[in-house]
Amino acid sequence: MAGSGKAHLRPGRDAVLEVEDLVVEFPVGRGQVVHAVSGLDLDLLPGETLGILGESGCGKSTAGRAIMQLPAPTSGSVRFDGAELTGLGGGALRRGRARLQMIMQDPISSLNPRRKVKDLVAEGLSVWGFDPADHEGKNKETVVRELLAAVGLEPDVVWDRRPHELSGGQCQRVCIARALMLRPRVLICDEPVSSLDVSVQAQILNLLEETKERFGLSMVFIAHDVSVVKNISDRVMVLYLGKVCEVLPSEGMHLQAVHPYTRMLLASIPGEETEADAEASSGPGARAAELPSPLNPPSGCRFRTRCPLATDLCAAEEPVLRELASGHAVACHHVESP
Amino acid sequence: MTAASLLEVTDLRTTFHTPRGDVTAVDGVSLTLRAGETLGVVGESGSGKSVLGRSLMGLIGQGPTTTISGRVTLAGHDVHALPARERRRLWGPTVAMVFQDPMTSLNPVKKIGTHLVEALRLHLRLDRKAARERSVDLLRQVGIPEPARRLDQYPHELSGGMRQRVVIAMALACDPKLLIADEPTTALDVTVQKQILDLLARLARERQMAIILVSHDLGAVAGRTDRVAVMYAGRVVETSRTLEVFTRPIHPYSEALLASIPRLDAAPHTRLRTIEGRPPDLVSPPPGCRFAPRCTRAEDVCRTEAPRLRGPRPAAPRHTAACHLPPAATAHEED
């Protein structure tokens, strides 16, 4: 899986966000290093949603945060709206990424429990200064109220409430309103629905689709749930141990996917398997299915320790992303080119 | 009670007395389970599914803050009428539980072996050597590689999936007739989730063990259970054979819940169906059907009178739902 290579990039198109060779490593003492993200490339066109899919520990959240420079990546380049974000610091960085906003996984802990909804949502305006000229001459309160209504909250009801008086779904709506306050061009959503109940999850997914249309956003949607990612994305990128396995259009992805890891993720959706499958994956002879340590990732293709197709070639040589069809790139030695 | 039924629950009510008022988390649940049968209990957070699991086992008992009424008969014993000592004797050989988070259900300062040997020596009165041998055997059965070495490791040395396997091995130690698994895979990764669910299915088959699988994940329940009960606000709103509920739900809540899950075979950007509103506050639940305030089909009768579980489809009399206005049977093909 290796996944170096840039076959999936689309140079020459006006990408709003371009990430190249993104590497994030965390030193953990005794000379050891966690290789969280190892050479990630991506581009995001205006109005597009890119889904990033993978298990825990695959580096998907780290990648999202590194794009936001939270913290800055070890190396690599992040260009947002044509301007380089890496290497910036202090005020320049804050100005540079004001229109790049993020929604976190746990909506309750990402809100200050002591502040009221009206202040939480207006925080961006308070930080950057409010200029009615940017908002068609409306005053600040009207702008905040309109935004609350836009995310499906009743402004009069929630106005003076604090996060503990709201449900998880409502808190996530507040987080979305906060992110929208500064009129972002790109929204990075890190597992925005995984802590929510299914019926609330559907509400938030619909809301994200609506806001994307209404505010002309591009999105990076990070999640572990294949069906959720497929539903909201235009393209899906599958990560494993910090490397890209496969990039493919979400339309028909369950039929088109060819990388053994993507196939494995698809096969682990409950309710899709046969008895024989069950025997193979739970019996005493089951193949090791644990993620190897990111301290010392396997040589060559990082997926080879769990891959049913692995051969000596996979240990020796890292597969490079190559294009199979338009918009579909895969990093595997054993996938036939068409 | 028929000879074959292992568990029989009649009108179980678990009420917690809180400063805000009484919360009846499980409100009049009746169900039966035969030996070797698997039952899925699905519902969203706050629907009472976990409290139900714990009440069945007697982990939640009568006390100053809790009132339990109704009857839980497990392998011939009335769980809530037994003295605490005797109830404890059921835990292990008759009923065992697997909890959601494998890290917090293992003691971090004790070795894996200690966890397993403890139960075996206490319940089966095995000596140290025999208990150790049986522990190795149990770990092998749950698919842990190098079981003998694992006995001397601590929980933090194992991954989440391996820990959950250890917890399952502990639950199996005394050959329970019923295993209650409360969200056994929620804390695990998708690929590991599948392995654990497959493991439970295999063990149930091999040991003729009944399983109650409590989960918010409809997908997890769909492929692995014989029957399913859908809970909403403390009540069972629909129950039937699993396939029946998933393909032809009767209750509007089950139907809406199923429709709100994104489907892999649907086109991207398909708008998902949502359920308006929120589940009721159980301190003051609405009169009548508890789903009525959110239901698109609700009429006056729904707001005043609580519906009983009944089977509106003659072809499938055991497919019951608590709804006054079930969809016309003719809308579906009956088999």
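K243(A) counts as buried, with 27 C-beta neighbours inside 10 Å. A residue is called buried if 20 or more other C-beta atoms lie within 10 Å of its own, exposed if 12 or fewer, and partly exposed in between, with C-beta atoms placed from the backbone. K243(A) lies in strand 10 (residues 243-249) of chain A. Helices (H or I, at least four residues) and strands (E, at least two) are DSSP runs, numbered from the N terminus. In sequence, K243(A) and I232(A) are eleven residues apart; in space they are 22 Å apart, C-alpha to C-alpha.

The model is predicted: local features need pLDDT of at least 70, side-chain atom pairs count only at pLDDT 80 or more, and totals for chains, interfaces and linings use all residues. Residues are numbered from 1 along each chain as its sequence is written, while chains are lettered from A and ligands numbered from 1 in the order in which they are written.

In chain A, helix 3 (residues 117-128) packs on helix 4 (residues 140-150) at an angle of about 115 degrees, and their axes are 10 Å apart. Axes are lines fitted to C-alpha atoms, for helices over the stretch in contact, and angles run from 0 to 180 degrees between N-to-C directions. Helix 3 and helix 4 of chain A are therefore roughly perpendicular. Angles under 35 degrees count as roughly parallel, over 145 as roughly antiparallel, 65 to 115 as roughly perpendicular and the rest as oblique. The crossing of these two helices of chain A is right-handed. A crossing is left-handed if the near helix is turned anticlockwise from the far one by less than a right angle, and right-handed if clockwise. K118(A), V121(A), A122(A) and L125(A) of helix 3 meet K140(A), V144(A), L147(A) and L148(A) of helix 4. The residues of this contact comprise six nonpolar, no polar and two charged. Ala, Val, Leu, Ile, Met, Phe, Trp, Tyr, Cys and Pro count as nonpolar, Asp, Glu, Lys and Arg as charged, and the others, Gly among them, as polar.

Between the chains, 37 residues of chain A are in contact with 41 residues of chain B. Contact requires C-beta atoms, placed from the backbone, within 7 Å. On the side of chain A that touches chain B, helices 7 (198-215), 8 (226-232), 10 (260-267) and 11 (275-282) each give two or more residues. Helix 7 of chain A provides the largest share, seven residues. This side of chain A has 13 nonpolar, 16 polar and eight charged residues.

Chain B has eleven helices and eleven strands. Its radius of gyration is 21 Å, close to the 20 Å that the globule rule gives for 335 residues, so chain B is as compact as a globular protein of that length. The radius is taken over C-alpha atoms, and the rule is 2.2 Å times the number of residues to the power 0.38. The C-alpha trace of chain B spans about 65 × 50 × 40 Å along its principal axes. Of the 335 residues in chain B, 49% are buried.

Helix 1 (residues 49-57) of chain B has nine of its nine residues buried, so this helix is largely enclosed by the rest of the structure. G58(B) follows helix 1 of chain B, with a positive phi near 85 degrees.

Helix 6 (residues 160-172) and helix 7 (residues 190-207) of chain B pack at about 20 degrees, with axes 10 Å apart. The two helices of chain B are therefore roughly parallel.

Terms used. Contact = placed C-beta atoms within 7 Å.
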